[in-house]
Amino acid sequence: NALRDGGVMILRGFAVPPGLERLKKEVAGSPFNESEQHYTPWQDQGDAKYPERHPRNFKMDSSASFVGRKTLERANERLGMSIFEDERLLDFLSNVTGRRLYRSRDENGSIYAYRIHRGHRPPWHFDESPYTAIIYLQNSESGGEFELVPWSRSSTSKDDVEGHGVVEQVLMKGDTSRVRQVV
């Protein structure tokens, strides 16, 4: 099982080309927010209970554009929302993981689209849940590799020492031996 062994499963051909084009047009035609941040991989400003140079307080610059849930809910066809709300997809993903999954209730972050343009620096971050489903709408012309450290921490806690270790190893020391690129 690719998900169990490598921390990622790729479903090539999951979306049929005409549907993918419609979803791409929906996202490209939607208003988006530009975001420039200087924050930790936990997407916050760190934690004062740790020393300044501790991995929990390591900050990076990032920039990206995104289309949030509230915007996708107002889209004409609501294609992104229809995928998110589809019970068959949730059941399928639950079967793949071997555990019951639930949708995020985050009012704007449960479903969103990144729009990465030239000069953007997408954020290296920890997801806030054990599993994340991503649909790529378009490959980058250059760069833009999606990277992950499979099974990098046993909990989503910001105090998880495994997560601290990944930040120290990969981001602070530049050791990418555990990093995988999704191609």
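Which residues does E162 touch, not counting residues up to four places away in sequence? I looked that up before anything else, keeping in mind that this is a predicted model. E162 touches S152, R153 and S154.

**E162 and α6**

I placed E162 in helix α6, residues 161-172. The side chain of E162 makes a polar contact of 2.6 Å with the side chain of S154. I then checked accessibility: E162 comes out at 37%, so I log E162 as partly exposed, since buried would need under 20% and exposed over 50%.

The backbone of E162 is involved in something too. D160 caps the N-terminal end of α6, with a side-chain oxygen 3.1 Å from the backbone nitrogen of E162. I also took the C-alpha to C-alpha distance from E162 to M172: 14 Å in space, for 10 residues in sequence.

For the rest of the helix, I listed the buried residues of α6 as G163, H164, V166, V167, Q169 and V170. Just after α6, I found G174 with a positive phi of about 75°.

**R56**

Next I went to the loop between β1 (33-39) and β2 (60-67), where R56 lies. Is R56 buried or exposed? I get a relative accessibility of 2%, so R56 goes down as buried.

What does the R56 side chain pair with in a polar contact of 2.6 Å? I traced that contact to the side chain of D44. Leaving aside neighbours within four places in sequence, I also have R56 in contact with T40, W42, D44, G46, D47, Y50, K158 and H164.

**Positive phi away from glycine**

I noted Q43 while I was in the loop between β1 and β2. Q43 is not a glycine, yet has a positive phi of about 60°. Its relative accessible area is 34%, so I call Q43 partly exposed.

R78 is another entry of this kind, with a positive phi of about 55° although R78 is not a glycine. I found R78 in the loop between α3 (69-73) and α4. With a relative accessible area of 28%, R78 counts as partly exposed.

**α5**

Which residues of α5 are buried? I have L89, L90, S94, V96 and T97 on the list. They cover an arc of only 160° around the axis, so they sit on the same side of α5. R88 and N95, on the other side of α5, are exposed.

I then asked what covers the buried residues of α5, and the cover includes α1 (2-6) and α4. Just after α5, I logged G98 with a positive phi of about 80°.

**The second largest pocket**

Last stop was the second largest pocket, at a volume of about 250 Å³. I count 14 lining residues, with F14, A15, L23, I83 and I135 nearest the centre. The elements that give two or more residues to this lining are α2 (17-28), α4 (79-85) and α5 (87-97).

Which element gives the most to the lining? That is α2, with 4 residues.

How values were computed:
Residues numbered from 1 in each chain as written. Predicted model: local features only at pLDDT ≥ 70, side-chain atom pairs only at ≥ 80, totals over all residues. Heavy atoms only, no water. Buried < 20%, exposed > 50% of the residue type's maximum accessible area, 1.4 Å probe, protein only. Polar contact = N/O pair within 3.5 Å; in protein donor to acceptor, adjacent residues only side chain to side chain. Contact = heavy atoms within 4.5 Å. 1 Å grid on protein atoms, 1.4 Å probe; cavity = no way out; pocket = protein on both sides within 12 Å on 5 of 7 lines; lining within 4 Å. Points joined across faces, edges and corners; volume = space filled by probe spheres on them. Arc of directions from axis to C-beta.
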